[in-house]
Amino acid sequence: MSELSAEESGTSVEIVLSGASGERPKKLDWLGAKTAEQWLDVLRIKTPLGGIYLKTPKFAPKIFLKVVDSTGEITRTETVQPEYFYPHEMPSIKVATVKDVESALTKIQGDPEQKFSRLDGQFKRLDCLWEIYDKNDLNDTKSWFATALDDEQRALIEKHDVVVYSSFLRSARMWGDLNENIFKLKPGERIIQGGRQMASDYMVQGDLSIIPLTSTIGYQANSHVIVHFTDGNPDISRKVFQPELKQLAEVIAVRCVTIFKRYLTHLKPDFGAQVVAPDKQLYDWKKDQELYRDQNTLAFKTDAGRVTLLSRPQQVQDVIALFHQLVGLGLIRGIDFLATSQSDRYDSLYILDYSDEGFQYNKTTNPLGVCGPYGFPHISEPRVLEYKFDLDALIRDFSSEVKYAKHVNFVVCWKAEKQFREKYYLSSLLVGDEGSSRQVYGATHQAFPDGGGQQPDFEVCILEDLLAFLQDPEAEEARQKLWYQE
């Protein structure tokens with residue numbers, strides 16, 4: 001049990017963790033935290049007790065924390081003005097801010113190499129670089145953020161008075177030392193590590209997210225970025241921010257890492273096993289992929305050629321590659337691509353281009369064809385295509401309003417597990433003459449809202465089902481009846 005209270009007047013909060021019958025749980029040690037000092041660190045990082053006051057007056061309550069462990073031993077601690085544990089506050093490390101390094105370099109004449117050699121020692125062999133950027137820093141047209149932000153994002157920065165904390169450790173292994181040797185948590189537990197942390201109105205919100213780097217991705221683990229919004233208005237129950245705020249935070253976090261990369265020479269070399277680790281990791285990854293190939297061989301061949309993807313897809317990038325190979329082989333026809341993006345809300349834009357009646361559905365001669373009412377030739381307006389490894393992931397996007405079903409026309413995925421059944425009924429286009437209503441060549445299913453509806457919301461190509469149908473139509477049709485008509 002822990003007690004948090006304000007002295008004399010104010011607010012008293014008691015947090016009691018107990019079993020179903022009210023008794024004290026026998027163990028509360030999943031993190032390995034047993035003392036008040038340990039729990040204070042945990043609460044500062046994972047709860048609003050650790051406020052985010054980057055460029056604002058700090059709230060200064062007096063906190064008393066009492067912890068009774070499973071053996072009955074009592075520990076106490078107290079603090080004033082608790083705040084989030086920022087990585088540069090690790091004890092016994094050498095730190096500097098980016099702005100201080102930049103200022104020191106500006107004062108030295110000569111080329112970059114000469115500047116570094118003449119730089120004061122306090123800015124060399126650092127363990128951590130860190131910085132705070134307020135809305136003026138972010139929106140400065142001469143700043144490193146200028147080319148990363150558009151006008152809409154700059155307006156959001158101004159509206160929500162965005163402030164960013166960023167830090168970069170010389171080695172990702174320092175997180176392990178912090179969690180295990182300083183916080184003294186159970187080996188392997190990580191209450192703080194590299195990633196992007198959203199915050200709103202002086203409180204952290206939700207869990208850390210990966211910083212989506214496209215190059216030197218290993219630096220994701222070294223970087224810790226907090227993006228704070230005033231009046232960010234997240235969904236409190238799910239701690240979900242609006243998509244445009246999440247996208248803005250990602251852009252800012254990526255650019256923070258880009259800034260740090262300019263000053264890597266100022267950091268202490270990461271000696272030890274880290275030099276060898278990437279080679280070992282690459283070796284292990286190669287072996288894992290060979291083993292996966294042997295156990296999950298795709299080996300799909302047709303008269304038109306063979307698919308060069310040797311293993312069953314493991315992630316969405318494999319799905320995209322496989323789908324485009326099927327288009328290239330002519331097994332999926334009549335789709336022209338306008339654009340594909342990893343940063344926009346939706347993945348791809350395409351146009352249907354059915355030039356003649358050779359695209360029309362026929363159960364025997366063209367079972368993947370489209371319905372006749374189009375009329376031929378037919379060219380559609382631009383439509384939205386979404387790629388997913390599992391269709392269930394798109395349903396989760398709809399539920400969190402990251403994407404909207406009314407905007408999506410076609411979905412390509414490897415498989416569909418069971419979560420889709422909460423929202424949609426999938427009508428198989430591989431059964432009987434159901435393909436006669438198909439709109440997109442090669443689509444395997446139409447997704448109808450679970451509450452009913454005469455028209456599908458979108459069509460789906462489940463690649464696992466499509467390949468099975470192409471190899472053995474009768475067997476796959478029988479499976480479709482069992483799986484999708486349950």
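## Asn366 and its polar contacts

The Asn366 side chain comes to 3.2 Å from the backbone oxygen of Gly358. Its side chain also makes a polar contact of 2.6 Å with the side chain of Tyr441. Polar contact here means a pair of N or O atoms within 3.5 Å; within protein, one must be able to donate a hydrogen and the other to accept it, and residues adjacent in sequence count only if both atoms are side-chain atoms.

Where does Asn366 lie? In the loop between strand E14 (348-354) and strand E15 (378-379). Helices (H or I, at least four residues) and strands (E, at least two) are DSSP runs, numbered from the N terminus. Asn366 has a relative accessible area of 10%, so it is buried; the cut-offs are under 20% relative accessible area for buried, over 50% for exposed, and partly exposed in between (1.4 Å probe, protein chains only). Skipping neighbours within four places in sequence, Asn366 is in contact (heavy atoms within 4.5 Å) with Gly358, Phe359, Gln360, Tyr361 and Tyr441.

## What kind of model this is

This is a predicted model, where local features need pLDDT of at least 70 and side-chain atom pairs count only at pLDDT 80 or more, while totals for chains, interfaces and linings use all residues. Residues are numbered from 1 along each chain as its sequence is written, and side-chain values use heavy atoms, with hydrogens and water left out.

As for pLDDT (the predictor's confidence in each residue, from 0 to 100), the protein's mean is 86, and 88% of its residues reach 70 or more. Residues 1-9 stay under 50, and the model has 31 contacts for them beyond four places in sequence. The stretch 271-276 is also below 50, with three contacts beyond near neighbours in sequence. Where pLDDT is low, the predicted coordinates should not be read in detail.

## The overall numbers

The protein has 486 residues, and 43% of them count as buried. Its secondary structure comes to twelve helices and 20 strands. Take the contacts with a separation of 6 or more: 66% of them are between residues 24 or more positions apart.

Two strands pair if DSSP finds at least two bridges between them. E5 and E6 run parallel over three bridges, with Leu129 in E6 as the partner of Ala96. E6 and E7 are antiparallel, joined by six bridges, and Cys128 has Leu169 in E7 as its partner.

## Helix H10, tucked in

Why is helix H10 (residues 391-399) largely enclosed by the rest of the structure? Because seven of its nine residues are buried: Leu391, Asp392, Ala393, Leu394, Ile395, Asp397 and Phe398. The cover over these buried residues includes strand E16 (383-390), strand E17 (410-415), strand E18 (424-428) and strand E20 (458-462).

Asp390 caps the N-terminal end of H10, with a side-chain oxygen 3.0 Å from the backbone nitrogen of Asp392. Just after the helix, Glu401 takes a positive phi of about 60°.

Helix H11 (residues 463-471) and helix H12 (residues 473-484) pack at about 145°, with axes 6 Å apart. From H11, Asp465, Ala468, Phe469 and Gln471 meet Pro473, Glu476, Arg479, Gln480 and Tyr484 of H12.

Gln38 sits in helix H1 (residues 36-46) and counts as buried at 11% relative accessibility. A polar atom of the Gln38 side chain lies 2.8 Å from the backbone nitrogen of Lys34. Not counting residues up to four places away in sequence, Gln38 touches Gly32, Ala33, Phe183, Lys184 and Leu185.

Note on methods. Axes fitted to C-alpha atoms, helices over the stretch in contact; angles between N-to-C directions.
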